Amino acid sequence: MGKLENLIVRRAVDELTSLLDSRRGAVLFVGADLPEVALHVLKLGVFVTVVESDPARIDAFMAPLKEGSLDVAVTVDRRPYSGIEFLSSSYNAIIAWSGTPHDTPLELFFK
């Protein structure tokens with residue numbers, strides 16, 4: 001990761017974690033991005049669901065969570081996005097750092 005990208009990610013993490021500090025419940029991660037945010041919200045008692053089909057990305061996302069023994073509050077859904085019915089009312093926040101999946105209607109995420 002380049003220096004500028006590191007700064008952007010750090011800023012995003014700071015902004016997101018400040019927004020999530022008062023939340024309880026669950027956060028949906030669309031894609032295995034920003035494990036720093038997941039680590040923060042898990043420490044607050046918020047459950048995390050991550051939707052990702054790439055095993056390498058899942059492993060990278062889960063590594064810091066396993067170190068802190070917080071992975072028990074994480075659900076990983078490895079199905080293709082098209083096979084999942086996302087019910088946004090089940091989540092306090094939805095994080096899609098890389099955007100929503102290509103060719104996936106936004107309605108799936110915002111019902």
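Contact here means heavy atoms within 4.5 Å. This is a predicted model, in which local features need pLDDT of at least 70 and side-chain atom pairs count only at pLDDT 80 or more, while totals for chains, interfaces and linings use all residues. Residues are numbered from 1 along each chain as its sequence is written, and side-chain values use heavy atoms, with hydrogens and water left out. Helices (H or I, at least four residues) and strands (E, at least two) are DSSP runs, numbered from the N terminus.

- Four strands form an open sheet in the order 3-2-1-4, with parallel pairing; two strands pair if DSSP finds at least two bridges between them.
- The edge strands, strand 3 and strand 4 (93-95), each pair on one side only.
- From one strand to the next, the twist averages 20°; axes are lines fitted to C-alpha atoms, for helices over the stretch in contact, and angles run from 0 to 180 degrees between N-to-C directions.
- Five bridges link strand 1 and strand 2 in the parallel sense, and Val-30 stands opposite Val-51 in strand 2.
- Helix 2 lies across strand 1, strand 2, strand 3 and strand 4, at about 155° to strand 2.

**Helix 3**

- Helix 3 (residues 55-67) has 13 residues and should span 18 Å at 1.5 Å a residue; its end C-alpha atoms are 18 Å apart, which agrees. The expected span is 1.5 Å times one less than the number of residues.
- A kink of about 30° lies at Phe-61, shortly before the proline Pro-64; the bend at a residue is the angle between axes fitted to the seven residues ending there and the seven starting there.
- Ile-58, Phe-61, Met-62 and Leu-65 of helix 3 are buried (buried is under 20% relative accessible area, exposed over 50%, partly exposed in between, with a 1.4 Å probe and protein chains only).
- The buried residues of helix 3 pack against strand 1 (26-30), helix 2 (35-43), strand 2 (47-51) and strand 3 (74-77).
- Helix 3 lies across strand 1, strand 2 and strand 3, and runs at about 175° to strand 3.
- At the N-terminal end, Asp-54 caps helix 3 with a side-chain oxygen 2.9 Å from the backbone nitrogen of Ala-56.
- Just after helix 3, Ser-69 has a positive phi of about 55°.

- Asp-33, in the loop between strand 1 and helix 2, is buried because its relative accessible area is 11%.
- The side chains of Asp-33 and Arg-57 are joined by a polar contact of 3.0 Å. A polar contact is a pair of N or O atoms within 3.5 Å; within protein, one must be able to donate a hydrogen and the other to accept it, and residues adjacent in sequence count only if both atoms are side-chain atoms.
- Beyond its neighbours within four places in sequence, Asp-33 is in contact with Arg-57, Phe-61, Trp-97 and Ser-98.
- Glu-52 sits in the loop between strand 2 and helix 3 and, with a relative accessible area of 8%, is buried.
- The side chain of Glu-52 makes a polar contact of 3.0 Å with the side chain of Arg-57 and reaches the backbone nitrogen of Asp-54 at 3.2 Å.
- Glu-52 and Gly-31 are 21 residues apart in sequence, and their C-alpha atoms are 5.0 Å apart in space.
- Asp-71 lies in the loop between helix 3 and strand 3 and counts as partly exposed at 25% relative accessibility.
- Leaving aside neighbours within four places in sequence, Asp-71 is in contact with Met-62, Leu-65 and Lys-66.
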